[in-house]
Amino acid sequence: MSATAAVSATTPLASRLLAELTAIVGAGNVLHQRDELLVYECDGYVVNKKVPDVVVFPTCTEHVVELVKLCNRHDVPYVPRGAGTSLSGGTLAVGGGVMICLTRMKRILEINTRDRYAIVEPGVVNVWLTRALAGTGFHYAPDPSSQTACTIGGNTATNSGGPHTLKYGVTVNHVKGVELVLPDASVVTIGGITDDPPGYDLTGLVVGSEGTFGVVTKVIVDLTRDPEAGRTLLAVFDTVEAATETVSGIIAAGIVPAALEMLDNLMIQAVEQAFGFGFPTAAGAILIIEVDGIDAGLDREAQLISEIVQSRGGRVQKSITWRTRKEPEYVAIWKSRKSAFGAVGRLSPTFCTQDGVVPRTLLPHIMRFIEGVARRYDIRIANVFHAGDGNIHPILLFDERDGEQVQRVLHASREILEECIRVGGSVTGEHGIGVEKMALMPRLFAPEDLAAMIAIRNALNPEGRCSPSKLLPSGGHCIERKSPGRRASA
Amino acid sequence: MNETAQPSWPDPPAAGSLGDGRLALARLRPETVVDLCQAVGEHVRDGLAIYPQGGTTALDYGGIPGRPGVAIDTRSLCRVIDYPHADMTITVQAGITAASLHAVLAEQNQRLLIDIPQADRATLGGVFATNTSGSRRFGLGRPRDQIIGVNFVTSEGIEVKGGGRVVKNVAGYDLPKLLTGSMGTLGIITQMTLKVRPMPEASAVVWVPFTSLASLGGTLDALNTSGSRPVALDLLSAPAARIIGESLNVPAGDWVLVIGLEDNATSVNWQINRLMIELGRADLTILQDEHAAAGWAGLTEFSAAELGPVSCVVSIRPSGVIPFVASIDPGRWAVQAHAGNGIVRLHALGDWTLDHAAAEIDRFRSLAEREGEGGSVILARCPTGWKVRLGVWGRPQADWALAERVKQALDPIGAFNPGRFIGSI
């Protein structure tokens, strides 16, 4: 990648910019030393790196407004960032410039369980809201695996999912409105606490727009009733195939589980080494199958699921009956699942987590395909994913010091994602396009589809200074930018 | 817009209605998407506006058609493109009627999670363009929660798609949601991919009469954390309850709370018992099986009722529903409130003057739009001559300027449904 830095450290512009940034947010909320900035050179996608020129930490909407005005005055690009857990380079400072890090806007402004909403600042970590709601009988439904680190602002930008989206939907289904600082530095509230405001569903448009329409400074989310109870089953299979067929069987039987997660053998070993939950390390695959709802109705559903598991040659190793999501066994099994990505570190120094989607019934096919790719490219691939949604997460293990291996990983990733497209799926279910997958957008969408999206982007972000070179390919060149902040209209 | 040609409104009979007494210069019913694209392109080049139409169940919904144009009827685009039922998705053309879709889904014991009135006429394109929903949105979600892919034809006569056919997909902007509720102003929806769900094993409609509103506020507060998990919480005034209850053999009441339950049979039965305990009453009327289906149908059809000259939809906080309803004369308005969502549907009763209606709508708006509430009042229907004064969409919202920019981006010449939606759109 050959993006040009907007401001090199020693130019007069740089020192003036730095002084003005500092005047807005205070010296304690600015990072500009090279060693301080290194942390921000990438997010969870480590293949591309770019150090921003400066990182600022606004603590209120007014700060963001002044920062955007300043960037406009100096024609410097800027990119919002939450916790940097994006797995697709969504927060990469492609054109250098100013990184607006929202982690110090971290207040929960209001919780209203009667009207079932909460208003939070973008830097509120997902799990903080869950904790703040403990005991109220309500929760915030989206629970990405990174929920102990990722922010609700970042979840909003990428339309994050998580294990419980199968029944409860993804982030966009739970965001009622946002406050947004637009690229012209005006502040607008979109949507709100009441339903169906007259006008377009701009909330739906902004969620998942990966920061390309402005900087979200407040998020109004809806709150969901806690289920009365649940059953979480751990089903063990000799083969991945049997597990994926079980997934199809459960859905076909008309059961909509709250979660339906799969781990393959490599992943089981990593997780078991890390947490010692008691997963069977010899198993070909395991499924975590959760149903929730009214306690009285759950035993029948759990029984039916057990029968489907057995009919596919699996066995239910454990069945957890729970009333709250705080029960130790429940916490343990989900901690193991949600920390799976971290556990991969035990298998390999670096890894690339892919995110593809296929129609649920084609899981057996795509898993066979991934096995083939692993063999052909001689790469180890671990799998842990949201099977009920058809949302796969092959994790490609590699050593980033070995350039040839990196190339094999990139090719293998591409082949898996192209197969997802070929069978009618998508190249991202919840991680976003970021910089990583822009080149694949023309494979998913026709030129006229992309032209419509670019027209919308240009209407709301006409100068292209906000999150440049993300999400949408511009022309035939994807992430190459020669000069920051300048964008020919498409 | 083509400045040289300024077509004028046609004389009757012309080519049928565009709504609000305006007539179409021509009516086209393309058999294919290619034909539809061509029809749009040609008529836009001739300087005509384009008015998409489906089953015409909402023909008078929105502002008055703003300039002469043609009606494009989508009803011949009614194929099921793909129904991988085990994936719980279906891809259909937009002109399919809700009833036809229901029949296709029922063969696999599945359904779409939207209550749609006049289902034998309403097309799916129209349902999504107008953001139609009903009582069960409380538990089952809104149209935006069901749509995962959309194709639409722009004013250039080009078919554009957004989203896809898989249930989780964050590639590109969420055009399916943008088009949902866009009132046909961004393009003609030609195809969509929808999430579908298994039919519930059991369903119950619990009918609870009340003699006054006084205790209902506390009841609704308590139901917010009920041990049951209702999928619908509707509050009906006496005339609404009488009409909906007509064929249901249910007791009358000054006010009736309708609590809907859906799940497996064990769960539904448990929830009914639970509600009896929580409400402290044994005199609940419980409609189950085919009686429940009739109850749902009654609730759904009533949302499109035409009782008096005006109907409106008030959106407020759920906790504000009872105070708001208490401020209404139940002799002048029939009330159906989706109380869990803060959506109050009002149908005027008896004779009204424009002045009286304007005073009432103003009052509703001042209540709903109070500082910090962010609510709204949408005029669902009224005589055409009243629309300008009453205002269909209410006070401009904070994000309308942004909406206008989105409109500019996708329909820069303002070809689609001019005059019908918010602001200058």
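A polar contact is a pair of N or O atoms within 3.5 Å; within protein, one of the two must be able to donate a hydrogen and the other to accept it, and residues adjacent in sequence count only if both atoms are side-chain atoms. In the predicted model described here, 32 residue pairs are in polar contact between chain A and chain B, both residues being at pLDDT 80 or more. On the side of chain A that touches chain B, two or more residues come from each of α6 (165–168), β9 (187–191), α7 (202–206), α10 (295–311), α15 (441–444) and α16 (447–460) of chain A. The element that gives the most to this side is α16(A), with nine residues.

The contact as a whole takes 85 residues from chain A and 80 residues from chain B. The size of an interface is often given as the accessible area lost when the parts come together. Between chain A and chain B, the buried area is about 6,800 Å², and carbon and sulfur atoms give 56% of this area. In chain A, the residues that lose the most area to chain B are R114(A), P198(A) and Y200(A), which together make up 14% of what that side buries. Nine salt bridges are counted between chain A and chain B. One of the pairs that form a salt bridge is E201(B) with R300(A), whose closest N and O atoms are 2.5 Å apart.

Within chain B, strand β19 (residues 343–348) is largely enclosed by the rest of the structure, because six of its six residues are buried. In a regular strand the side chains alternate between the two faces of the sheet. Both faces of β19(B) are covered, with I343(B), R345(B) and H347(B) buried on one side and V344(B), L346(B) and A348(B) buried on the other.

Strand β19(B) pairs with strand β17 (residues 311–315) of chain B in the antiparallel sense over five bridges, and V314(B) stands opposite V344(B). Strand β18 (residues 333–338) of chain B also runs antiparallel to β19(B), joined to it by six bridges. In this pairing, H347(B) of β19(B) is the bridge partner of A334(B). The hairpin of β18(B) and β19(B) has four residues between the strands, and G342(B) takes a positive phi near 75 degrees there.

The count of disulfides over all chains is zero. The cysteine sulfur closest to that of C60(A) belongs to C101(A) and lies 15 Å away, so the two are too far apart for a bond. For C466(A), which counts as buried at 1% relative accessibility, the closest cysteine sulfur is that of C71(A), at 9.4 Å, again too far for a bond.

Key
Residues are numbered from 1 along each chain as its sequence is written. Chains are lettered from A and ligands numbered from 1 in the order in which they are written. This is a predicted model: local features need pLDDT of at least 70, side-chain atom pairs count only at pLDDT 80 or more; totals for chains, interfaces and linings use all residues. Side-chain values use heavy atoms; hydrogens and water are left out. A disulfide is a pair of cysteine sulfur atoms within 2.5 Å. Buried means under 20% relative accessible area, exposed over 50%, partly exposed in between (1.4 Å probe, protein chains only). Two strands pair if DSSP finds at least two bridges between them. Contact means heavy atoms within 4.5 Å. Buried area is the accessible area (1.4 Å probe) that two parts lose on being put together, summed over both. A salt bridge is a side-chain nitrogen of Lys or Arg within 4 Å of a carboxyl oxygen of Asp or Glu.
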